[in-house]
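Please look at the sequence and the structure below before reading on.

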Amino acid sequence: MSRRTDRLTLPGQTPGAEQRLTIHRFGDPGARPKAYLQASLHADETPALLVQHHLVQLLDAADRDDAILGEIVIVPYANPIGLAQFVDGYHLGRHDLGGAGNFNRNWPDLFAPVAEQVADDLTGDAEANVALIRAAMAATLRKCRPATPLESLRLLLMQEAIDADLVLDLHCDDEALMHLFTIPAHWPSAADLAAELACRAVLLADPSGGDPFDEAFSAPWVRLAERFPERPIPTACLSATVELRGQADVSDELAGADAAALFRVLQRRGLVAGDPGPLPAPQAEATRLDAVDTLKAPAAGVLAYAVALGDQVSEGQTVAELIDPTAEDPAKARRGIVSRTDGIVLSRRSYKYVLPGMTIAKVVGTRTLPHRVGSYLMED
Ligand SMILES: [Zn+2]
């Protein structure tokens, strides 16, 4: 057995409090390729916690067979701060109750400090450039001085992932089909991941506008290659956000199958020995994120959906009706919310009372939508 489990202590926000981050490590330290998978940075997105539970068991079995070839870091819960955020019995794990905002936004961009460090030392050797850039990224993180428990957590997670070849951030949507987010530079190289997970959508944006965790590891490589076009700089870290359906989609059947899919991805990419079998047929083409219509509630009210997840809808088709409970005349209480594109219904809202501006559905089309171009593409 090579698996080692570390329990790292985070400083407490308040006197007498401290939290711990658990990290499972498989394979020899420094072995390549390296993969990093973390669960539930948005701490209320439960499917990933169960997927990691199943994946660790698959990796333990592979470990017993000496089949771990690379280095695999599994973070079974990435956000102990968010896991503790219960208010009046409700778990609020998406935003920091301490005021720091959405846990998956505003991750640091290492491009500028790394570009400065490596500018004079890049060569015509792509492999050497990758090593140089990874060392500069790690050195940049070592200089960080976190001031809060959340900053300490962010730094610990980044330090674990910064030199990985594959970084997967496991999330889920509200009510949704399986899908993933990554940058255009990773398509079609991430096609195996999308096919194994049977993703119904692959959404591409760079930048998406929110500085999510996954882009902190992929985008700097693209920027460095643009900055130093005369030097070979590959996109050395494939990083993606995996949306494991919806918040209520938590079962051993789903999580076991998803963990097995991720395990086969690790086999295909040379981290684990063994034959993953033929790659399943893809369930979706990649789509630009600005081709996804994000439907918003025009007013407060109660949603009655007219479509189900996975339904194909046309431009102008009613996706949901919004009912105004204050209307005197029930015949005039309803207004339709229509899709502005042809596509499939990727997500819906599970809690049906909404306020103005809340997202009520996403429809994945194929053509760029004018109202999405230049807008802040990510939901907060
Ligand atoms: Zn999330």
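In the largest pocket, the element that gives the most to the lining is β22, with four residues; strands (E, at least two residues) and helices (H or I, at least four) are DSSP runs, numbered from the N terminus. The model is predicted, and local features need pLDDT of at least 70, side-chain atom pairs count only at pLDDT 80 or more, while totals for chains, interfaces and linings use all residues. Residues are numbered from 1 along each chain as its sequence is written, and side-chain values use heavy atoms, with hydrogens and water left out.

The lining of the largest pocket is made up of 45 residues, and those nearest its centre are R94, D173, D174, Q247 and R349. Among the elements that give two or more residues to this lining are β9 (166-173), β13 (238-246), β20 (343-348) and β22 (359-364). On a 1 Å grid over the protein atoms alone, a pocket is an open set of points with protein on both sides within 12 Å along at least five of seven lines, whereas a cavity is a set of points where a 1.4 Å probe fits but cannot get out; lining residues have an atom within 4 Å of a point.

The table sets out the volumes, each being the space filled by probe spheres set on grid points that are joined across faces, edges and corners.

| Space | Volume |
|---|---|
| Largest pocket | About 1200 Å³ |
| Second largest pocket | About 390 Å³ |
| Largest cavity | About 50 Å³ |
| Second largest cavity | About 40 Å³ |

Around the second largest pocket there are 20 lining residues, with Q13, I81, D96, P149 and L150 lying nearest the centre. Helix α5 (residues 149-161) provides the largest share of this lining, four residues.

Cavities of 30 Å³ or more number three in the structure. Eleven residues line the largest cavity, and F181, T182, A205, S208 and E215 are the closest to its centre; the elements giving two or more residues to this lining are β11, β12 (201-204) and α7 (213-227).

The second largest cavity is lined by residues that include P47, V51, L244, R245 and D258. At least two lining residues come from each of α1 (47-64), β13 and α8 (252-268), and the largest share, three residues, is that of α8.
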